[in-house]
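I opened the notebook to log a few look-ups. The entries follow in the order I made them.

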Amino acid sequence: MSIPTSVLEDLLQALPHLHPQIYFKASLTALSHAIEDQILAGSSEPLVIASFQRERFYRQEAHRYLRIAERTQQVYVLAAPETDFKNCSDHYETIAFDPTDRLSHEWHLVVIGAQYATCLVCREREALPQPLGKHGFANKSGKSSDLPAMDQVRRFEGIWTFDREVSCKVAELLLDRISIYRPELTPKIEQARTQFLTLLPGKTDSVDPDPFAERLVTYLQAGQYKLLKAYRSIAAQEQRERLVNSITTAIRQSLNPDDIFKVAVRELGASLKVSRCLIYRCKATDTKATIQYEFLGDPVQPLKGQVWSLQDNSLLQEVIQRRERIDIAAIEADPHITAAEEPSPLIELINRWQISAWLVAPVLYQGRLLGMVELHQSTPYRWIEEELALVDAIATQLGVALIQAEAYANLEDLNQQLEALDRTRSNLVAITGHELRTPLSTIQVCLESLVSEPDMPLELRQIMLDTALTDAERMRKLVQDFLTLSRLESGRVEWHVEPLPIQECIDLSLSNVRTRQRHHDLPNITAQVSSDLPLVKTDGEWLVEVLAKLMDNACKFTESTGKVTIEARTRGDRMIEVTVTDTGRGIEPNRLETVFERFYQEEGALRRTAGGTGLGLAICRQIITGLGGEIWAESAGRDQGSQFHFTLPIAEEPPEPPKPVSTKKKSKRSG
Ligand code: ADP
């Protein structure tokens, strides 16, 4: 059963002249310990009743009550059960009350002896007037926080007195409750009442207060010390938080690792009061690193800008291998250093840079080494747990910052690529529009003239029709080439690569050119391909397309009295190089690359003399690159002839028996 009323309230009702006071838990602990010590030091056999709020508070004191029980028969201990606490008559009486019982908010100790009587009757004040600062002695609801360090400042209100009348009243109230919780104890309780609670008229207590006061002071001092320790740990935690916050803020304000590292090296170095703090970037595979960021706390030699050998430094190597921090409190006695054989680069470093204590922490992101944080002290120094935790926290933050910056840089790169792509697309739309509009306007003008002037002489009509047809054909070619190029550029082409003899492809392309240009006087074309050339690894159909385009161009830009030669030879790098040379009009040196751009034509779009779409060489470059080779132009300049070279990989041995190259257009061609 659970009793909802408070012992303190019951006492105040019975003795209204009492005035409760406020105590912190630290002082109540000191008081109760001093009272318990007084029992242990005395010679009488008093009645002792202690009521703990929870079993866990009782557990800390259980050993004292065992000793108290050796002195007296009448010991009652009450607590709310958690794990082991239960009703029991063993060394002394334990009485378990329900956790919902009002006693679970109270803390009592009463001692009634022959020479003295004392009591402590308190209830916990749950709500604090206001939260106490950011380290939260109270949480948002106003209840005391569970932070163990601040347990000492829990507040209680109640009465502590040596008044026998008050103490007897408290004992009575508690005994009443005990007889409700454990009715089987009634005879023992009755005996206690008779023995201790009957006030003898005129009896005055005689006890020397000095030993009690001394004990109390000792316990209070112990409590103060605990409090001091708690405050120290809070201060350290605050410092850590402030530092991590300043670095997190730097990360938030800047995506530039440089800014972040500058803040980190300064804050970490200053807060840990080191001789030297270093931060630098490195990868696990690097053999050396340049010290980029430094903080100097003592007048030691600066290391900024120095190149640190990672390879020769066994300590750094160990950190790199294990991906774990190493801290050395005293260099001279440490096995990392003493194990090194002299002359060792490590010992040289230590002497040169006055390092007596050394901490190296890796900056990692998902196991990937991104950099190092180093702390140096010029005198031996053992870093404490909090400091090590701080270094680890900073190293983690730096890892995140670096990855964030990397991701941002990639994003920027991608953005620039997208912007460039967008510009290209807009240009392409504009150029394509222009290129299509030019022949279309000619066709339109011719057809309009034919319609509007029915009397036009027959020859002129024929010219108009021929012009319109030529430009319609040009448009068809333009659209076809444009679609082919767009398929090649978007990677939507399926290559059918096989080992082929280059001679066969050249023959096929030559016959294509001759068929296409049968109405023109072609220059003299010769092919020089040695019969023992290895097979090339290529897609025959696309290769014939390239060869035909290059030869078409060579014929187009060379007088019929000139010469066009096609050669093929092996190179040292398992490639075959094919060259189409002409003695024609040549290319200006500054145009040798431009000719491969889309729609480039020397004459410009409006003054075309040689036909063509301006897309041929762009298509050739896409095909050759797709087949794993390279294509480029050479020319000594205007009227000096041109050379177009391209390479293709040689097929692996042993080759399959050569297949004839199909002349049939595959459906993959657009148009
Ligand atoms: P086109 O359809 O105009 O030939 P290409 O892309 O094949 O388009 O060639 C682009 C431009 O490069 C040509 O218009 C010409 O100005 C120049 N060019 C290409 N081949 C030669 C060559 N063999 N000699 C001189 N100039 C050439």
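**Entry 1: Gln224**

In which helix is the place of Gln224? I find Gln224 in helix H6, which covers residues 209-253. This is a predicted model, so I read every value with that in mind.

The cut-off for exposed is over 50%.

I then checked a pair. Gln224 and Ala26 are 198 residues apart along the chain. Their C-alpha atoms are separated by 7.7 Å.

**Entry 2: Ala79**

I moved on to Ala79. Strand S3, residues 75-79, holds this residue. Ala79 has 0% relative accessibility and counts as buried, because the limit for buried is under 20%.

What does Ala79 touch, leaving out residues up to four places away in sequence? I listed Phe52, Arg54, Glu55, Tyr58, Phe85, Ile95, Ala96 and Phe97.

I also took a distance from Ala79 to Ala284. The two are 205 residues apart along the chain, and 59 Å separates their C-alpha atoms.

**Entry 3: Glu448**

I looked up Glu448 in helix H11, residues 385-452. Glu448 is partly exposed, with 47% relative accessible area. Met464 comes 16 residues away along the chain from Glu448. I read 9.9 Å between the C-alpha atoms of Glu448 and Met464.

**Entry 4: positive phi**

I went looking for backbone angles of note. Most residues other than glycine have a negative phi.

Lys273 has a positive phi, near 50°. I place Lys273 in the loop between helix H7 (257-271) and strand S9 (276-281). Its relative accessible area is 67%, so Lys273 is exposed.

Arg574 also went on the list, with a positive phi near 55°. Arg574 counts as partly exposed, at 43% relative accessibility.

**Entry 5: the whole protein**

I stepped back to the overall picture. I noted 15 helices and 22 strands for the protein. The radius of gyration is 48 Å, well over the 26 Å that the globule rule gives for 671 residues, so the protein is more spread out than a compact globule. Along the principal axes, the C-alpha atoms fill a box of roughly 155 × 75 × 50 Å.

How much of the protein counts as buried? I got 46% of the 671 residues.

I checked contacts between residues at least 6 apart in sequence. Of these, 71% join residues at least 24 apart.

Charges came next. I noted 76 positive and 93 negative charges. Their mean positions are 2 Å apart.

**Entry 6: confidence**

I left pLDDT for the end. The protein averages 86, and 91% of the residues score at least 70.

Where does pLDDT stay under 50? One stretch is residues 129-149. The model has 31 contacts for that stretch beyond four places in sequence. Residues 605-610 also stay under 50. For residues 605-610 I noted twelve contacts beyond four places in sequence.

Notes:
Residues numbered from 1 in each chain as written. Predicted model: local features only at pLDDT ≥ 70, side-chain atom pairs only at ≥ 80, totals over all residues. Heavy atoms only, no water. Helix = DSSP H or I, 4+ residues; strand = E, 2+ residues; numbered from the N terminus. Rg over C-alpha atoms; globule rule 2.2 N^0.38 Å. Buried < 20%, exposed > 50% of the residue type's maximum accessible area, 1.4 Å probe, protein only. Contact = heavy atoms within 4.5 Å. Lys, Arg positive; Asp, Glu negative; His and termini not counted. Charge placed at Lys NZ, Arg CZ, Asp CG, Glu CD. pLDDT = per-residue confidence, 0-100.
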